[in-house]
Amino acid sequence: MSTQRLRPIEQYFPTQPWLEAYRNAINADDEYAAESAGWGIEFDGSFVFQIENVPLETNTVGDLPPEIVAAVEEMLAERSEAEIESLLADAPTDVRESVDSRNGSLEERVTDEILATAMADLPDRLWPELRAELPDLLAALIAQLEENVADGDTVYAYLDLHDGECRGVETVTERDELEYGFRLVGDYERWKTLVRGEGDVIDMLMAGDFEIDGYMQKILQYSDAAARLGEISGNVDSRFLF
């Protein structure tokens with residue numbers, strides 16, 4: 001049995017539960033409340049964080065954090081060959097053919113097939129019987145992919161920032177579903193740097209790592225609050241899916 005512990009889903013970025021944990025951290029931070037007092041008063045202070053190029057096409061299940069990979073391996077290791085055969089009975093034809101073309105025991109072949117599946121293909125290649133057997137965390141993460149990823153590789157995270165607090169968060173698949181005052185656009189890898197608390201958003205904007213849609217002068221006026229948001233995210237216990 002693996003000693004690696006599955007984490008709560010709110011620790012995995014980028015997911016809706018992570019965003020909710022971030023909101024809670026913002027609202028618990030007195031320094032941010034002081035630095036952002038007045039933000040959003042007489043103007044729309046809400047943000048859309050546009051996270052682009054999430055590597056769903058290139059990353060596989062085997063590239064997920066090791067505790068998730070270990071949980072998949074254990075799920076199959078605990079089943080007999082007859083149980084795995086039964087599990088495969090309703091698999092899509094192409095999945096079964098791919099499993100049959102691999103080398104090793106049935107358990108090894110099915111494990112290798114799952115781990116080699118690209119994250120973008122996972123929702124379509126998982127049949128109901130297998131999905132029901134997956135670790136709860138992986139099933140929840142797949143649901144996040146199905147519900148929250150737009151255009152194949154983009155996550156839109158909405159934060160309602162107003163006068164020292166975050167009043168709400170939401171992930172949306174259409175950017176224009178919600179009205180917002182500002183939109184911060186960047187590549188997934190740049191977002192990882194920011195979420196880790198390893199970069200200053202103002203410096204990264206000036207360096208061209210991010211683009212901003214909104215009144216830049218207003219952000220500069222509240223630059224200390226913007227920097228504190230990055231510091232808060234760095235203090236959130238985060239695991240990166242990719």
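What follows is a working chat about a predicted model of one protein chain.

Me: Start me off. How many helices and strands are in the chain?
Reply: The predicted model has 13 helices and 8 strands.

Me: And what box do the C-alpha atoms fill?
Reply: Roughly 65 × 35 × 30 Å, taken along the principal axes.

Me: What share of the residues is buried?
Reply: Buried residues make up 50% of the 242 in the chain.

Me: What about the accessible surface of the chain?
Reply: The total is about 11600 Å². Carbon and sulfur atoms own 41% of that area.

Me: How many positive and negative charges are there?
Reply: There are 18 positive and 54 negative charges. Their mean positions are 2 Å apart.

Me: Contacts next. Of those with a separation of 6 or more, what share comes from residues 24 or more positions apart?
Reply: 75% of them.

Me: OK, the core. Which residues touch the most other members of the largest nonpolar core?
Reply: Tyr22, Leu64, Leu159 and Leu184. That core holds 70 residues. Another core lies apart from it, with 6 residues, including Ala150, Tyr156, Tyr158 and Val172.

Me: Stay with Tyr22. What is it in contact with, leaving aside neighbours within four places in sequence?
Reply: Phe49, Leu159, Leu229, Gly230, Ile232, Ser233 and Val236. Leu229, Gly230, Ile232 and Ser233 are also buried residues of helix H13.

Me: Which other residues of H13 are buried?
Reply: Ala225, Ala226 and Arg228 are buried in H13 too.

Me: How far apart are the end C-alpha atoms of H13, and what should the helix span?
Reply: The ends are 19 Å apart. H13 runs over residues 223–235, and at 1.5 Å a residue its 13 residues should span 18 Å, so the two values agree.

Me: Switch to H6. How many of its residues are buried?
Reply: 7 of the 10 residues in H6 (106–115) are buried, so the helix is largely enclosed by the rest of the structure. The buried ones are Leu106, Arg109, Val110, Thr111, Glu113, Ile114 and Leu115.

Me: Which helices do they pack against?
Reply: H3 (66–77), H4 (81–88), H5 (93–100), H7 (122–125) and H8 (128–133).

Me: Loops now. Where does Glu78 lie, and is it buried or exposed?
Reply: Glu78 is in the loop between H3 and H4. Its relative accessible area is 53%, and the cut-off for exposed is over 50%, so Glu78 counts as exposed. Its C-alpha atom is separated by 9.6 Å from that of Glu107, 29 residues apart along the chain.

Me: And Leu126, buried or exposed?
Reply: Leu126 is buried, at 10% relative accessible area. Leu126 lies in the loop between H7 and H8. Not counting residues up to four places away, Leu126 touches Arg131, Leu134 and Ile142. From Leu126 to Ile142 the C-alpha distance is 9.8 Å, at 16 residues apart in sequence.

Me: Backbone geometry. Where is the cis peptide bond?
Reply: It joins Phe13 and Pro14, with omega about 5°. Pro14 sits in the loop between strand S1 (12–13) and H1.

Me: What is phi of Asn53?
Reply: Near 60°, a positive value in a residue other than glycine. Asn53 is in the loop between strand S2 (47–52) and H3. Asn53 is partly exposed, at 43% relative accessible area.

Me: And phi of Asp163?
Reply: Positive, about 50°, although Asp163 is not a glycine. Asp163 lies between S4 and strand S5 (165–172), in a loop. At 36% relative accessibility, Asp163 counts as partly exposed.

Me: Last one, Gly186. Which strand is it in, and what is it in contact with?
Reply: Gly186 is found in S6 (182–187). Beyond its neighbours within four places in sequence, Gly186 is in contact with Gln50, Ile51, Glu52, Trp191, Asp209 and Phe210. Gly186 is buried, at 3% relative accessibility. From Gly186 to Ala226 the C-alpha distance is 16 Å, at 40 residues apart in sequence.

Note on methods
Residues are numbered from 1 along each chain as its sequence is written. This is a predicted model: local features need pLDDT of at least 70, side-chain atom pairs count only at pLDDT 80 or more; totals for chains, interfaces and linings use all residues. Side-chain values use heavy atoms; hydrogens and water are left out. A nonpolar core is a set of buried Ala, Val, Leu, Ile, Met, Phe, Trp, Tyr and Cys residues joined through side-chain atoms within 4.5 Å. Buried means under 20% relative accessible area, exposed over 50%, partly exposed in between (1.4 Å probe, protein chains only). Contact means heavy atoms within 4.5 Å. Helices (H or I, at least four residues) and strands (E, at least two) are DSSP runs, numbered from the N terminus. The expected span of a helix is 1.5 Å times one less than its number of residues. Accessible areas come from the Shrake-Rupley method with a 1.4 Å probe; for residues, only the protein chains shown count as cover. Lys and Arg count as positive and Asp and Glu as negative; His and the chain ends are not counted. The place of a charge is taken as NZ of Lys, CZ of Arg, CG of Asp or CD of Glu.
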